[in-house]
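Hi there,

Here is the structure I promised to pass on. Have a look at it first, and then read my notes below.

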Amino acid sequence: MPPFIALIIWIAFILVVFIIDIKQNPKVSKSLILPGVWLLFNIRSPSNWLNFVYPMDNYLTKVNYTEGNPIDRNIYFVLIMLGLYMLSRRKISWREMIRNNVWLTLFIFYCFISILWSAYPFVAFKRWFLFVGEVIIILIILTDRDPDNAIKTIIRRNAYFCISLSLLLVKYFPEYGRTYSPFSGQAMFTGISSHKNPFGLLCMLFGLYFFWNLISLWTKRKVMKIQKEEIVIQLIYLLMILWLLYIANSATSLLCLIIGSIIILFLKTPYIENRKNYIFIYSFSIIVIPIFIYMLFDLHTIILTYLGRDATFTGRTYIWENVLNVAINPIIGKGFQSFWIGSTVDVISDGYASILNQAHNGYLEIYLNLGYIGLCILIGIIFSAFINVKNKILFSTDFSYFCFAITIIVLLYNITEAYFRYKTLLWFVFLTLCVIKPKKIHY
């Protein structure tokens with residue numbers, strides 16, 4: 001099929017999908033457009049969407065840029081100001097918000113304090129401001145009249161657009177949907193992302209949502225008027241995602257999608273649904289038992305071999321060893337988002353075909369930037385997220401099953417990727433699911 005014809009078909013398809021979704025969800029607030037756009041920018045930066053690619057965005061370039069991208073900076077600033085304006089029109093009890101989210105508040109405050117010992121305090125401050133801006137955007141979602149539906153709508157509609165566009169680019173516009181590895185020279189399928197790893201994450205997250213939604217729609221088909229086209233669309237997109245994950249060759253994403261799907265099915269069994277009070281015990285079992293098996297039987301080597309990966313997690317263990325040899329204050333770290341700035345990056349990246357910009361481990365990344373104090377606060381955020389999800393499971397709809405699966409996946413995914421940081425899709429969704437909103441909001 002000629003690319004132009006494929007583009008016309010894609011435009012017609014996406015219009016039909018959105019029209020059906022809007023008819024089925026007519027009461028969705030227009031204010032959700034802002035967080036929807038922000039989520040798109042977490043997938044691909046504004047300058048990349050506009051096709052203005054600066055040298056700092058090219059991971060092949062071994063140059064340290066501390067000024068950032070002016071296009072991205074200006075667009076994010078406008079979005080944050082719009083977010084502040086929207087929140088100002090909603091009478092929120094900030095005292096209750098802080099009391100409900102002590103660990104996240106402490107994390108934001110500590111990140112701000114850590115700017116003091118950063119070698120690049122102004123750069124760290126700009127990045128902290130962007131992090132706070134992301135929290136503001138998340139609060140727009142959570143202070144909606146129906147926050148659960150708001151979250152589902154944003155995820156679903158972004159998935160409709162991103163997955164179908166990725167398929168179009170990969171299949172018919174390879175100059176945009178593919179790139180080449182600087183290490184092996186092999187083609188990598190990236191879709192609308194800039195690398196196969198965030199592309200795999202995108203597919204995993206949206207695939208898990210469609211899997212949960214299909215299960216939910218199927219179980220409700222006899223008691224609610226579920227339109228057949230809604231189920232068909234969800235199934236089509238899930239099949240698209242499975243194919244994209246297959247060609248992307250992202251082992252971590254595929255494994256997390258499988259684990260997340262098993263968790264959702266596990267939670268929906270009658271045995272578990274009648275024993276929701278023990279959800280913490282199940283969480284402990286899901287996390288600790290695999291770790292014990294791993295230590296006893298060297299399970300990770302078996303799994304990686306089966307998935308076609310080496311025991312170094314595709315060279316990640318060498319990166320971990322190199323960054324741990326860098327001299328930092330282990331208690332407070334280098335300062336908020338300050339480790340990957342300056343001459344240290346050139347030293348660590350020596351011998352690699354591209355410049356390194358993350359430790360490929362979320363826990364290690366927090367340690368490098370914020371030290372043991374930051375790690376302890378992160379543990380507090382994760383613990384509070386589990387409490388919030390537990391309360392949703394006890395008193396809310398089955399959307400809480402998706403929330404629980406994502407919370408587990410966040411812990412697993414950060415073993416090989418660093419996604420406990422702003423401007424990443426997984427961190428955005430995780431914070432959205434774990435933040436507790438005030439009970440009373442005046443619109």
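**What I found**

The chain folds into 20 helices and 4 strands. Please keep in mind that this is a predicted model. Of its 443 residues, 51% count as buried. The accessible surface comes to about 21600 Å², and carbon and sulfur atoms account for 67% of that. If you take the contacts between residues at least 6 apart in sequence, 76% of them join residues at least 24 apart.

I then turned to helix 2, which covers residues 33-43, and its packing against helix 7, residues 121-142. The two pack at an angle of about 135°, and their axes are 9 Å apart. Helix 2 is therefore oblique to helix 7, and the crossing is left-handed. On the helix 2 side, the residues that meet helix 7 are Leu34, Pro35, Trp38 and Asn42. Their partners in helix 7 are Leu130, Gly133, Glu134, Ile137, Ile140 and Ile141. Sorted by class, this contact has 7 nonpolar, 2 polar and 1 charged residues.

Leu39 is also found in helix 2. Is Leu39 buried or exposed? Its relative accessibility is 2%, so Leu39 counts as buried, the cut-off being under 20%. Leaving aside neighbours within four places in sequence, Leu39 is in contact with Ile154, Asn158, Leu425 and Phe428. Leu425 lies 386 residues away from Leu39 in sequence, yet their C-alpha atoms are 6.9 Å apart in space.

Best wishes

Key: Residues are numbered from 1 along each chain as its sequence is written. This is a predicted model: local features need pLDDT of at least 70, side-chain atom pairs count only at pLDDT 80 or more; totals for chains, interfaces and linings use all residues. Side-chain values use heavy atoms; hydrogens and water are left out. Axes are lines fitted to C-alpha atoms, for helices over the stretch in contact, and angles run from 0 to 180 degrees between N-to-C directions. Angles under 35 degrees count as roughly parallel, over 145 as roughly antiparallel, 65 to 115 as roughly perpendicular and the rest as oblique. A crossing is left-handed if the near helix is turned anticlockwise from the far one by less than a right angle, and right-handed if clockwise. Contact means heavy atoms within 4.5 Å. Ala, Val, Leu, Ile, Met, Phe, Trp, Tyr, Cys and Pro count as nonpolar, Asp, Glu, Lys and Arg as charged, and the others, Gly among them, as polar. Buried means under 20% relative accessible area, exposed over 50%, partly exposed in between (1.4 Å probe, protein chains only). Accessible areas come from the Shrake-Rupley method with a 1.4 Å probe; for residues, only the protein chains shown count as cover.
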